Amino acid sequence: MGRAGSGLHLPVLRRLRAAADSAHLFAPAPMLAVDPNRRPDAAADLRPTSLAEAARLSDPAETVVHLCTPPTERVAALDTLGRLGYRRILLEKPFAADATGLDELLDLRERHGLDLVVVAQWLGSRLTDRLRGALAGGVYGPLRTIHVVQRKPRFSRSLAGDGHPTAFDIELPHSLGLCLSLAGPGRVTAAGGTDMVIGGRVLPRLGTAWLNLQHDGGAWTRIRSDLTSPVRERRVTLELARGTLIGHFPGSEADDYARLTVIDHDGESTELLHDDSLSTFLHRVYAYFAAGGAVGGAHHPHPDLAVNSQVVRLLDQAKTIAAESRNAQARGPQTRDAHTRDAQTRDAQTQDAQLRDARRRAVIAR
């Protein structure tokens with residue numbers, strides 16, 4: 001269960017189970033809570049249990065699992081769930097910690113016939129829907145650049161250690177998935193990051209993270225994340241040929257409103273949007289599962305699985321580039337040529353991985 005399960009998923013599930021337009025998607029029985037680190041508090045609608053007992057209390061074939069383990073601990077948990085007969089599984093972002101972990105999860109998906117959905121609420125956000133609509137309408141011309149800024153203080157959780165190895169694994173899975181869904185696939189051209197320093201203690205690679213992405217369609221993206229900031233901000237700016245769109249996502253679960261500002265030749269306008277994106281996302285996912293999902297004959301993965309797979313591979317590439325850049329700076333200018341050759345090799349490896357993913361999807365479709 002963990003923090004994401006208790007602090008984010010559980011409150012949303014309680015609202016959805018009580019809402020008139022979504023209550024029919026849920027069984028009336030209590031939700032089952034499994035946490036190997038601490039026993040969750042029991043409630044009228046929540047029953048603490050073990051994974052083995054949960055499979056006896058509720059038919060795995062009719063159950064949705066929210067897997068909220070850190071990405072570094074996910075493979076073993078998913079294999080256990082598959083062996084117990086669970087098929088409909090929501091995974092907290094990021095999908096995996098690196099490309100190797102991603103391949104292991106995709107192999108488990110095929111082996112157990114799993115219907116995997118990654119929790120990526122920005123892809124189901126009302127603000128994202130408005131941005132997609134603006135791009136599709138073509139009123140502002142072709143997309144040129146996307147700039148994303150993600151800032152928040154994250155000192156206590158980083159000190160406690162919660163299974164996220166770098167700053168690339170915390171906020172960037174949301175923003176990178178958003179940019180890929182808006183502008184299409186691409187490749188990382190540059191990346192970097194810094195450590196978090198607290199009272200003389202250094203937490204490697206957990207301070208800031210940034211990357212530049214060249215999209216195949218011509219646009220390019222720049223993402224900046226700062227986990228040492230004293231303020232919260234989740235901002236995306238789309239620069240188009242005839243206008244600029246500036247979106248602010250809700251800063252935390254404490255508020256559900258997003259803001260969209262449009263600047264064009266007519267001037268500037270701002271609109272507030274009620275955007276409880278996690279509720280919207282989970283409602284859509286449960287409706288998807290209730291309709292059959294990818295289990296039992298469709299044999300097609302969830303529509304967002306490909307994007308979330310690309311996110312892991314590109315973040316893995318970005319982390320490698322960032323690490324090599326730091327090492328090169330430490331060693332001096334003589335390593336620049338080798339660094340360039342390594343980047344070219346990574347591009348080829350990324351293309352090979354994308355081809356393997358495409359072949360895997362083709363096999364599943366057949």
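1. A disulfide is a covalent bond between the sulfur atoms of two cysteines. Two cysteines are worth a look. Cys68 is buried, at 17% relative accessible area. Cys179 is buried too, at 0%. Buried means under 20% relative accessible area, exposed means over 50%, and partly exposed is in between (1.4 Å probe, protein chains only).

2. Ground rules. This is a predicted model, in which local features need pLDDT of at least 70, side-chain atom pairs count only at pLDDT 80 or more, and totals for chains, interfaces and linings use all residues. Residues are numbered from 1 along each chain as its sequence is written, and side-chain values use heavy atoms, with hydrogens and water left out.

3. Helix α1. This helix covers residues 2-18. Helices (H or I, at least four residues) and strands (E, at least two) are DSSP runs, numbered from the N terminus. The expected span of a helix is 1.5 Å times one less than its number of residues.

4. What α1 packs against. Its buried residues are Ala4, Gly5, His9, Leu10, Val12, Leu13 and Leu16. They pack against β1 (31-33), β2 (46-48), β3 (64-67) and α8 (277-290). Contact means heavy atoms within 4.5 Å.

5. Helix α8. The 14 residues of α8 should span 20 Å, and the end C-alpha atoms are 20 Å apart, which agrees. Among its buried residues are Leu278, Phe281, Leu282, Val285 and Phe289. Their cover includes α1, β3, β4 and β5. Just after α8, Gly292 takes a positive phi of about 115 degrees.

6. Ser279. This serine sits in helix α8. Ser279 is buried, with a relative accessible area of 10%. Leaving out residues up to four places away in sequence, Ser279 touches Val12, Arg15 and Leu16.

7. Strands β4 and β5. These strands run parallel, and four bridges join β4 (residues 88-91) to β5. Two strands pair if DSSP finds at least two bridges between them. Leu90 has Val117 as its bridge partner in β5. In a regular strand the side chains alternate between the two faces of the sheet. In β5 (residues 115-118), Asp115 and Val117 point one way, Leu116 and Val118 point the other way, and all are buried.

8. The crossover. β4, helix α4 (residues 99-112) and β5 make a right-handed β-α-β unit. Right-handed means that, with the strands pointing away from the viewer, the path from the first strand over the helix to the second runs clockwise. Pro94 lies in the loop between β4 and α4. A cis peptide bond joins Lys93 and Pro94, with omega about -10 degrees.

9. A backbone angle to check. Most residues other than glycine have a negative phi, and most peptide bonds are trans. Arg205 is not a glycine, yet has a positive phi of about 65 degrees. Arg205 is found in strand β8 (residues 201-215). Is Arg205 buried, exposed or partly exposed? Arg205 is partly exposed, at 44% relative accessible area.
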